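Here's a quick briefing on how one chain is put together. Have a look at the model first, then read on.

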Amino acid sequence: MAIIYATRRFSTTSISEETKLSLFTRLKSEIKDGMKRKDQLKLNVVRGILSDITYASKSTSQTTTDGVPTDQEIYATINRAIKRRQESISRFSQAGRNDLVENEQSELNILVSYLPEQMSENEIEIEVKKFIKKFDISGLKGSKDFSRIMKEIKIDSSKAPRKLVADAVKKVLSDMNK
C-alpha cells in the first residue's frame, strides 16, 4: 500500500502585492459590511464602483496577471464616478431638486472616502517648482516647457488630479516669465 503525503504550498506574497490588493479587497469587504449593517446607500455606491472596475477591466487589458486591477486603475475609476456625481449635483441644483442633490452629495462623500488624502494647491505648486529647479527649465519656451513638465512630472493622479497639476504648472510658468 502506497502512502501519499499531502503537502501544502504557502504563497509567498511580497508586501507590494498585498498593497495592490488592499483597495480591491477593501471594496469587497465593504459590500459584506454594508449587507450586515443594511446600509443600502453605501452598498449601492460600492457595488457601482466594483461594476465600473469590472467593466473597465474587461474593456482594457491593463489589469495585473491575476485579473485584479491595480490601485491606480481603481482610483481612476473612483475619480470618474466622483466627476459624474459632481455633474449630477450641479444639474439637480439648477433644476431645484434638493432631494436628489442630498442623495448625490452623500454618495459623493462615500466615494471621496476611498481616495487617499488629496494634495493642496500649494503642495502641488511646491512639487512643480522642485521639478522645474531639478531639470533647469527656464519657462521661456512656453508651451514646449509646459508639455515637457506635464509629460515628465510624477505626481500621483489619485492624490492630485491632472487638471490641478496643469493649472499649477501654468501658474508657475507664468510667474517665471514676469
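This is a predicted model: local features need pLDDT of at least 70, side-chain atom pairs count only at pLDDT 80 or more; totals for chains, interfaces and linings use all residues.

Residues are numbered from 1 along each chain as its sequence is written, and side-chain values use heavy atoms, with hydrogens and water left out. The chain has seven helices and zero strands, where helices (H or I, at least four residues) and strands (E, at least two) are DSSP runs numbered from the N terminus.

**Overall layout**

- Going along the sequence, you get the pattern α-α-α-α-α-α-α.
- The chain has 178 residues, and 31% of them count as buried; buried means under 20% relative accessible area, exposed over 50%, and partly exposed in between, with a 1.4 Å probe and protein chains only.
- Take the contacts (heavy atoms within 4.5 Å) between residues at least 6 apart in sequence: 63% of them join residues at least 24 apart.

**Cores**

- The largest nonpolar core holds 23 residues, and Leu 27, Ile 49 and Ile 78 have the most contacts inside it. A nonpolar core here is a set of buried Ala, Val, Leu, Ile, Met, Phe, Trp, Tyr and Cys residues joined through side-chain atoms within 4.5 Å.
- At least two residues of this core come from each of α1 (15-37), α2 (40-59), α3 (71-95) and α4 (98-112).
- Another core, of 16 residues, lies apart from that one, and Val 128, Ile 149, Met 150 and Ile 155 are among its members.
- Setting aside neighbours within four places in sequence, Ile 78 touches Ile 49, Leu 111, Tyr 114 and Leu 115 by the contact criterion.

**Helix packing: α3 with α4**

- Two packed helices are described by the angle between their axes and the distance between the axes. The axes are lines fitted to C-alpha atoms, for helices over the stretch in contact, and angles run from 0 to 180 degrees between N-to-C directions.
- α3 and α4 pack at about 160 degrees, with their axes 9 Å apart.
- That pair is therefore roughly antiparallel; angles under 35 degrees count as roughly parallel, over 145 as roughly antiparallel, 65 to 115 as roughly perpendicular and the rest as oblique.
- α3 and α4 cross in a left-handed way. A crossing is left-handed if the near helix is turned anticlockwise from the far one by less than a right angle, and right-handed if clockwise.
- On the α3 side, the contact residues include Ile 78, Ile 82, Ile 89 and Phe 92, and on the α4 side they include Leu 100, Leu 108 and Leu 111.
- By class, the contact of α3 with α4 has ten nonpolar, four polar and three charged residues. Ala, Val, Leu, Ile, Met, Phe, Trp, Tyr, Cys and Pro count as nonpolar, Asp, Glu, Lys and Arg as charged, and the others, Gly among them, as polar.

- The axes of α2 and α3 come within 10 Å and cross at roughly 120 degrees, which makes α2 oblique to α3.
- The α2/α3 crossing is right-handed. Ile 49, Asp 52, Ile 53 and Ala 56 of α2 meet Ile 74, Thr 77, Ile 78, Arg 80 and Arg 84 of α3.
- The contact of α2 with α3 divides into five nonpolar, one polar and three charged residues.
- For α2 and α4, the axes come within 10 Å and cross at roughly 60 degrees, so α2 is oblique to α4.
- α2 passes α4 in a right-handed crossing. Leu 41, Lys 42, Val 45 and Ile 49 of α2 face Asn 103, Ser 106, Glu 107, Ile 110 and Leu 111 of α4 in that contact.
- The α2 contact with α4 has five nonpolar, two polar and two charged residues.

- Ile 110 sits in α4 and counts as buried, at 14% relative accessibility.
- Beyond its neighbours within four places in sequence, Ile 110 contacts Leu 41, Lys 42 and Val 45.
- Lys 38 is in the loop between α1 and α2, and is exposed, with a relative accessible area of 72%. Phi of Lys 38 is near 55 degrees, a positive value in a residue other than glycine.
- Met 176 belongs to helix α7 (residues 162-177) and counts as partly exposed, at 33% relative accessibility.
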